[in-house]
2 protein chains.
Amino acid sequence: MAISERKKKILSAVIEAYISTAEPVGSKTIAETAGLGCSSATIRNELAELVAMGYLEQPHTSAGRVPTPMGYRLYVNELMEKQRLSLEESEEINARLNDRMHELYDTIGDVSKLASQLTDYPAIALTTRSVVTIQRFDLIYVDANTFIIVVMLSNNTVKNKLVRLPVSVDQRMMQRLSSTFNANFTGITEDKITPVLINSTERAVDDTMGLTSVIAAFALEVLTEAETPSSFVAGENMLLNQPEFRDPDKAHRLMRYLSAGGNILPPGMPAADSDEVRVLIGPENVAEELKDSSVVIASYDAGDNMRGLIGVVGPTRMDYSAVAAKLSFLAAGLSKRLGGGEAPPEGMHNKLIIKGDNR
Amino acid sequence: MAISERKKKILSAVIEAYISTAEPVGSKTIAETAGLGCSSATIRNELAELVAMGYLEQPHTSAGRVPTPMGYRLYVNELMEKQRLSLEESEEINARLNDRMHELYDTIGDVSKLASQLTDYPAIALTTRSVVTIQRFDLIYVDANTFIIVVMLSNNTVKNKLVRLPVSVDQRMMQRLSSTFNANFTGITEDKITPVLINSTERAVDDTMGLTSVIAAFALEVLTEAETPSSFVAGENMLLNQPEFRDPDKAHRLMRYLSAGGNILPPGMPAADSDEVRVLIGPENVAEELKDSSVVIASYDAGDNMRGLIGVVGPTRMDYSAVAAKLSFLAAGLSKRLGGGEAPPEGMHNKLIIKGDNR
DNA sequence: TATTAGCACTCGAAGGGCGAGAGTGCCAAC
DNA sequence: GTTGGCACTCTCGCCCTTCGAGTGCTAATA
């Protein structure tokens, strides 16, 4: 059965009312607010059909209607007005982004905090898996027992480590180590750093003090760390604002899942690569803990061919429109600042594509 | 009125029972469990006096007794058995500490996570304020438009930054910059880096491209960051385990306070410098949000003349003994691994001094 | 004098019944 | 297809009662 225009309007009205009040919505409320020229009795008939079609449900016989995940899905895909941020809102986000732009926003912790503060929901930021190699080694001689390893990676980050030695080492040796590592260890992926390679390098530089393995271990550690996706959660406590999490056990379960770095992305879903915002509603989530919550995810260009993800978690009764708009704008702002590519023109934030798990 | 031995035993019994059940404790329970050879009627008399003395209180006329903050204070100061960790427990902590010793435990985030997981309460880790100077600069030439600044600080950490230039620069210039910065910017505190100094340096190296100010800005940023105390909270959701935080609003208030980096240390209290564990009970806390919670704080030697703090937050009905023992052991373990000084002998964790806010 | 048994009393928690109100479903009229 | 009307249903909040844990007091006891 096709869904009529009026039904769509009514469904939207129910969802919007429910989003703001968290109470089941009655026919009278809709007749008054939705502004279709018809009475509550008509609305009741329509509501009954929407229930039959699976877009709404009733907690019990004589309560108002509540949207089902299917209802939310239709709303998100077709009905929802793609909200644009007010000027104040977008200016605030920009201000916050610029404010600390020094160098902070490469820590995903700050990204998630920002997202959480903007949306008033818990937020998770994560980095995607990527392949990284070392581009160059430098060894800085500090004193006979101390040197600094500086390593520049293919993603244009630089890592260092201060090494203190029980024995003394001369600058010539350091020179040798440095050029050999630059010859043998650059441009290769983590799995190419094998004991065999380390041994042959050790012999090549005539190292009897184990310096080679110290440096190689650092290289390995740095690559591993750079390749491992990491995640960061902020604002978990925002959950407690939501009436659906007034049950401390329920809140606790979800918070624990989030803090434990629980995955938000469904396994099949590619780590988004465009400027779209994805919405996962209730049971569409794979994790058991998220089955009655919703997730909104945006991705941004984190520079150096990497993409970052920001996700926001909330009850299914979430203000999808506002959250999606904010996340989208935030992601665009981050892309602009962190991304290597050309900056999107100002006002770009008006483009907002929302995509989900259609079925 | 002096408090008799038997009263002390009864008080301990009440507190311990209350700690484990969170229910007001009745005279009968004590008569049965405490193992003093007397009946519940006698206990009742004693309890009535303990109430009069202010160590206990009754939620209402016909309920059991609940400890007051004053009761907890006496318990923590005098009565509590200084708990030693079981072999398994101390081995577990050691294992966890060794497990990731690679280089993780310089991020205080990991310290707080560990403390939280060990105690099952939210934990905060913080660094103390300290004075840091730069020890040496190195500039690594990558290509004509790129170089890396490497800065070694007096606390033996090394920071770096990759700089991309719109103009090209030659190695001679870099050489000049490097030696001038090493001459002018090392060994000085943050406040000595003034526009005047930067200007004179700029002239000295004949820099028309603003490289001087880029490097100086980085120096300033690094010093500021190194000197600013930072804090990190983990395991906020553990609060929801506690029956006293079943009220979501109450839990939310405290969690918000903690996540916002709310201070746990009373202003007067020195940032502890010995191996003692401090306990702040309920109203002894200065922050309004902590007035009905308790805080246990330990400090550890973070190396390079810095001390770190780990604090655990919970209801006043907290297992002080267990938490204090765990924190103390954890702090000792961290000191041993991070601290510059001599490692304390194994088995050290048997020393456990608890100090609080006596009045 | 300290301890104990006994007993009446108090108070909160849990459970049942009741009325109010919101909202529905259905029907007959338009 | 729409509407007003009306009986019906179900939850929520309220009050009342009951139940039991725990007390305080008193009188008897060591």
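Student: In what order do the 3 strands of the open sheet in chain A come?

Tutor: This is a predicted model. In it, the 3 strands of chain A are arranged as β4-β5-β6 in an open sheet, and they pair in the antiparallel sense.

Student: Which strands stand at the edges?

Tutor: The edge strands of chain A are β4, residues 134–143, and β6, residues 158–164. Each has a single partner strand, so one side of each has no neighbour in the sheet. On average, neighbouring strands are turned by 15° against each other, with direction ignored.

Student: What holds paired strands together in general?

Tutor: Strands of a sheet pair through backbone hydrogen bonds, in either a parallel or an antiparallel way.

Student: Over how many bridges do β4(A) and β5 of chain A pair?

Tutor: The antiparallel pairing of β4(A) with β5, residues 146–153 of chain A, runs over 8 bridges. For a place to look, find A:Phe137, which has A:Val151 of β5(A) opposite.

Student: Which strands does helix α7 of chain A touch?

Tutor: Helix α7, residues 171–184 of chain A, packs on the sheet and touches β4 and β5 of chain A. The direction of α7 makes about 170° with that of β4(A).

Student: And where does helix α9 of chain A lie?

Tutor: Helix α9, residues 211–227, lies across β4, β5 and β6 of chain A. Its angle to β5(A) is about 35°.

Student: Changing topic: which residues are closest to DNA strand D?

Tutor: DNA strand D is surrounded by 21 residues, and the closest are A:Arg6, A:Ser39, A:Thr42, A:Ser62 and B:Ser27. Of the atoms of DNA strand D that come within 4 Å of the protein, 76% belong to sugar and phosphate.

Student: What lies 3.0 Å from a base oxygen of DNA strand D?

Tutor: That is a polar side-chain atom of A:Arg44.

Student: What else is by a phosphate oxygen of DNA strand C?

Tutor: A polar side-chain atom of A:Arg65 lies 3.0 Å from a phosphate oxygen of DNA strand C.

Student: How do the residues near DNA strand C divide by class?

Tutor: They comprise 5 nonpolar, 13 polar and 4 charged residues. The surface near DNA strand D has 4 nonpolar, 13 polar and 4 charged residues.

Student: Last topic: what rotation superposes chain A on chain B?

Tutor: A rotation of 180°, with a shift of 0.1 Å along its axis, superposes them with an RMSD of 0.1 Å. That is the relation of a two-fold axis.

Student: Which residue of chain A comes closest to the rotation axis?

Tutor: A:Pro248 does, with its C-alpha at 3.2 Å from the axis.

Technical notes
Residues numbered from 1 in each chain as written. Chains lettered and ligands numbered in written order. Predicted model: local features only at pLDDT ≥ 70, side-chain atom pairs only at ≥ 80, totals over all residues. Heavy atoms only, no water. Pairing = 2+ DSSP bridges. Helix = DSSP H or I, 4+ residues; strand = E, 2+ residues; numbered from the N terminus. Axes fitted to C-alpha atoms, helices over the stretch in contact; angles between N-to-C directions. Contact = heavy atoms within 4.5 Å. Near = heavy atom within 4 Å. Polar contact = N/O pair within 3.5 Å; in protein donor to acceptor, adjacent residues only side chain to side chain. Nonpolar A, V, L, I, M, F, W, Y, C, P; charged D, E, K, R; others polar. Least-squares fit on C-alpha atoms with pLDDT ≥ 70 in both.
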